[in-house]
Amino acid sequence: MNNSFLEQHINWDRLAPHERGELKVNIEKAELKKENMVLDIYFSANFVVPFSDLLAFLKDLCDSVPGISSVKYHFRYENVVQSREE
């Protein structure tokens, strides 16, 4: 799993006035638990990924990996560039 698959699902224009170059999101780790086929994904980011974009990413991910029963996601935020209002 790579970051480009995630980045393709983010509507970067919706995150204006921030420049694309200042927004960072990474998939730190992904673990699939074989006993229940639950995928745990750990992200780090400096902005809040729009929930609708995250859902689209998760749906396409589940569609591309057969057998996944559900996905749990975890975010760690550092040096957030968005204001409190955003």
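Mentor: Asparagine 79 is placed in the segment after β3 (70–77), where helices (H or I, at least four residues) and strands (E, at least two) are DSSP runs numbered from the N terminus. Please bear in mind that this is a predicted model, in which local features need pLDDT of at least 70, side-chain atom pairs count only at pLDDT 80 or more, and totals for chains, interfaces and linings use all residues. Residues are numbered from 1 along each chain as its sequence is written, and side-chain values use heavy atoms, with hydrogens and water left out.

Trainee: Is asparagine 79 buried or exposed?

Mentor: The terms rest on relative accessible area: buried is under 20%, exposed is over 50%, and partly exposed is in between, with a 1.4 Å probe and protein chains only. The value for asparagine 79 is 68%, so the residue is exposed.

Trainee: What is the phi of asparagine 79?

Mentor: Most residues other than glycine have a negative phi, and most peptide bonds are trans. Asparagine 79 is not a glycine, yet its phi is positive, at about 50°.

Trainee: Where is the cis peptide bond?

Mentor: Proline 17 lies in the loop between α1 (3–7) and β1 (25–33). With omega at about 20°, the cis bond joins alanine 16 and proline 17.

Trainee: What pattern does the protein follow along the sequence?

Mentor: The protein has two helices and three strands. Read along the sequence, they give the pattern α-β-β-α-β.

Trainee: What percentage of contacts in the protein between residues at least 6 apart in sequence join residues at least 24 apart?

Mentor: A contact means heavy atoms within 4.5 Å. Among contacts between residues at least 6 apart in sequence, the share joining residues at least 24 apart is 60%.

Trainee: Why does aspartate 53 count as buried?

Mentor: Aspartate 53 is found in helix α2 (residues 51–64). Leaving aside neighbours within four places in sequence, aspartate 53 is in contact with His9, Ile10, Asn11 and Arg14. Aspartate 53 counts as buried because its relative accessibility is 8%.

Trainee: Which residues are in contact with cysteine 62, leaving aside its neighbours within four places in sequence?

Mentor: Cysteine 62 is also found in helix α2, and at 27% relative accessibility it counts as partly exposed. The C-alpha atoms of cysteine 62 and serine 83 are separated by 32 Å, the two residues being 21 residues apart along the chain. With neighbours within four places set aside, the contacts of cysteine 62 are Ile68 and Val71.

Trainee: How many aromatic pairs does the structure hold?

Mentor: Rings of Phe, Tyr and Trp (its six-membered ring) pair if their centres lie within 6.5 Å; planes under 30 degrees apart count as stacked, over 60 as edge-to-face and the rest as tilted. Ring pairs link Phe5, Phe43, Phe57, Tyr73, Phe75 and Tyr77 into a cluster. The number of aromatic pairs in the structure is six.

Trainee: What is the arrangement of the rings of tyrosine 73 and phenylalanine 75?

Mentor: Tyrosine 73 is partly exposed at 33%, and phenylalanine 75 is partly exposed at 25%. Their ring centres are 6.3 Å apart and their planes are at 75°, so the pair is edge-to-face.

Trainee: Why is the pair of phenylalanine 75 and tyrosine 77 stacked?

Mentor: Tyrosine 77 counts as partly exposed, at 38% relative accessibility. Its ring centre and that of phenylalanine 75 are 5.7 Å apart, and the pair is stacked because the planes are at 5°.

Trainee: Which residue lies over the face of tryptophan 12?

Mentor: A charge sits over a ring if NZ of Lys or CZ of Arg is within 6 Å of the ring centre and within 35 degrees of the ring normal. Lysine 29 lies over the face of tyrosine 42 in this way, at 4.9 Å from the ring centre. Over the face of tryptophan 12, at 3.6 Å from the ring centre, lies arginine 20.
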